[in-house]
Amino acid sequence: MTFVYGDNIDTDRIIAGKYTKTLDMNSLAEHVLEDLDPNFKTQVKQGDFLVGGENFGCGSSREQAPIALKLAGISVVIASSFARIFFRNSINIGLPVLEIKNHDIQSGDKIEVDLTYGEVRNLTKNKSYFSSSMPEVMIDILNEGGLANYLKKYGDYQL
Amino acid sequence: MQTITEKILSTHAGKKVYAGELSVVRVDGIMASDTTAPYAIKAFEAMGGVKLWDSEKCTFVIDHASPAPNERIANLHKFMRDFAVEQNIRLFDVGEGICHQLIVERDLVRPGQIFIGADSHTCTYGSLNAFATGVGSSDLAAVMLTGKIWLKVPETIKVIYTGILPKNIVAKDLILALEKILGIDGATYQTLEFHGEIVEKLSLASRMTMANMAIEMGAKAGIFTPIGLELPYAWTPTFADEGAKYIRIIEIDVTNLQSQIAFPNSPDNVHDVQKALGTPIQYAFIGTCTNGRLDDLHEVADILKNKNVATGVRLLIAPASKQVFIDAMNDGTAQILMQAGATFLPSGCGPCVGSHLGVPGDGETVISSGNRNFKGRMGNPNAQVYLSSPSIVAKSALKGVISNE
Ligand code: SF4
């Protein structure tokens with residue numbers, strides 16, 4: 001399933017500050033997006049997509065935001081643009097994020113994602129979109145499943 | 001020809017770098033709070049980290065939910081303390097103050113440095129002619145391990161404040177006026193560089209208020225020139241070169257600027273305060289890393305002296321640090337405020353992030369001196385939060401409605 005939201009979805013709405021102080025990661029997934037979309041939690045399934053408009057993830061530096069989305073089952077976040085810290089955090093925790101400018105994905109559209117080419121296919125609208133390119137270091141981090149694995153393997157940045 | 005950002009990043013990359021390039025830079029200082037440090041410690045361990053690259057350069061602060069409101073958070077605090085002792089990391093415990101205030105107050109960041117904090121408002125230290133930016137816990141853990149971070153050198157927007165500063169117009173108004181122009185994402189991935197005689201005359205506290213809100217426009221950093229900056233130690237200023245490349249230049253003539261206010265539910269929903277006058281409020285809050293400093297408390301005390309907060313309004317004040325609190329006690333400010341009906345909270349983030357201490361009720365309206373008013377920010381999505389300068393908050397607390405008198 002694909003969950004589609006609007007512009008400026010901030011980190012307080014992804015996971016409210018009051019829930020962030022925990023190391024029990026799964027408890028984050030319990031509260032993810034709860035004010036924005038009370039149905040999200042009951043409907044989301046492993047492998048689902050989340051689609052946003054402009055400036056997705058603005059606000060706080062809380063890494064809990066992408067962690068909560070990932071643990072809830074979201075496999076890829078697609079947005080027209082991302083807030084800087086959220087974008088980095090997502091890659092760092094191994095949640096793929098694709099910036100697709102001016103996409104017209106709507107609620108109910110069936111989509112497929114090919115991460116290797118950064119391609120999103122909208123089967124409902126019968127068209128494809130391609131993501132903006134990412135720095136190579138980010139691709140490497142993502143390929144290792146996140147920054148922790150990357151640094152565990154290499155010990156330092158490779159660039 | 002380089003911007004301030006390009007110059008500072010160049011000195012830390014070991015070669016000249018320009019906007020758009022990727023660089024790995026040396027980091028001079030790092031910080032994490034009780035929201036981000038526990039994850040950073042976990043990530044550090046997952047990276048195979050055993051010993052910090054340089055514990056002297058690391059600071060932990062317990063400020064976001066401090067003192068602990070429940071056992072879960074109490075145990076997170078304990079986890080941070082234990083790690084700090086083991087690694088010999090400086091830790092500011094309960095009641096010492098807000099991370100950003102402490103880092104500046106204790107001279108833990110200096111001009112020309114690169115400072116990385118696991119908190120989005122780390123951009124506050126750009127007030128000191130330094131490059132400072134916020135990251136998440138994993139990026140911070142990577143610095144704990146390697147002493148370095150990779151950054152894409154940001155483009156810079158030059159912001160020039162011109163004209164004559166009207167009486168009663170303060171730093172918060174200047175930055176909200178910019179926020180209105182740029183919007184919540186108008187500076188994403190970029191640095192805001194503040195220029196012009198108006199800002200060259202501002203105190204460090206006022207510069208902090210402005211640099212603090214750079215992230216509210218999506219910026220990576222908000223940097224002041226060294227002009228007019230006075231510090232009690234010797235330091236090397238970093239100027240932008242004549243002919244440095246800017247992606248955009250914004251001029252703001254402040255001569256006719258009115259007091260500004262951000263309406264719910266976004267810091268860029270900015271209007272002249274006139275538009276909000278008369279809106280009933282139940283809760284006024286003074287504090288945060290934006291406007292919880294001594295100057296701000298003075299501004300509030302000038303308005304509240306020998307007066308009383310309106311019936312039905314609670315005024316909560318969380319001084320930005322214990323030192324601010326002590327100074328406010330020593331010069332009589334705290335007494336004036338308490339006599340007017342204010343309640344003091346321990347120094348720290350207080351109700352800003354909605355973790356504890358002063359969560360608003362359903363349907364209530366808050367006016368706050370803080371920096372963010374996203375839905376649910378103060379802990380209740382059914383409350384409305386307005387953001388303005390400390391004096392507008394104080395005036396509103398007196399009247400029980402948003403006021404500029
Ligand atoms: S005062 Fe508010 S904005 Fe500042 S660091 Fe604390 S929670 Fe964040």
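I count a salt bridge when a side-chain nitrogen of Lys or Arg lies within 4 Å of a carboxyl oxygen of Asp or Glu. The model is predicted, and over all chains it holds 24 salt bridges.

Entry on chain A. I looked up the pair E30(A) and K41(A), whose side chains form a salt bridge at 3.7 Å, N to O. E30(A) belongs to helix α2 (residues 25–31) and K41(A) to helix α3 (residues 40–43), 11 residues apart. I noted E30(A) as partly exposed at 45% relative accessible area, and K41(A) as partly exposed at 42%.

Entry on chain B. D241(B) and K7(B) meet in a salt bridge at 2.9 Å, N to O. This pair spans 234 residues, from K7(B) in helix α1 (residues 4–13) to D241(B) in the loop between β10 (221–224) and β11 (248–253). D241(B) is partly exposed at 25%, and K7(B) is partly exposed at 23%.

I then checked D28(B) and R26(B), a salt bridge with its closest N and O atoms 3.6 Å apart. D28(B) counts as buried because its relative accessibility is 17%, under the 20% limit; R26(B), at 43%, is partly exposed. I also found one network, in which salt bridges with shared partners join E96(B), E105(B), R106(B) and K322(B).

Entry on the ligand. I found the ligand in the largest cavity. Residues around the ligand include H64(B), H100(B), D119(B), C289(B) and R377(B). The shell has five nonpolar, five polar and two charged residues. Domain 1 (23–150) and domain 3 (261–399) of chain B each supply at least three residues to this shell.

Key
Residues numbered from 1 in each chain as written. Chains lettered and ligands numbered in written order. Predicted model: local features only at pLDDT ≥ 70, side-chain atom pairs only at ≥ 80, totals over all residues. Heavy atoms only, no water. Near = heavy atom within 4 Å. 1 Å grid on protein atoms, 1.4 Å probe; cavity = no way out; pocket = protein on both sides within 12 Å on 5 of 7 lines; lining within 4 Å. Sits in = over half its atoms within 2 Å of the grid points. Nonpolar A, V, L, I, M, F, W, Y, C, P; charged D, E, K, R; others polar. Domains from an automatic or database assignment. Helix = DSSP H or I, 4+ residues; strand = E, 2+ residues; numbered from the N terminus. Buried < 20%, exposed > 50% of the residue type's maximum accessible area, 1.4 Å probe, protein only.
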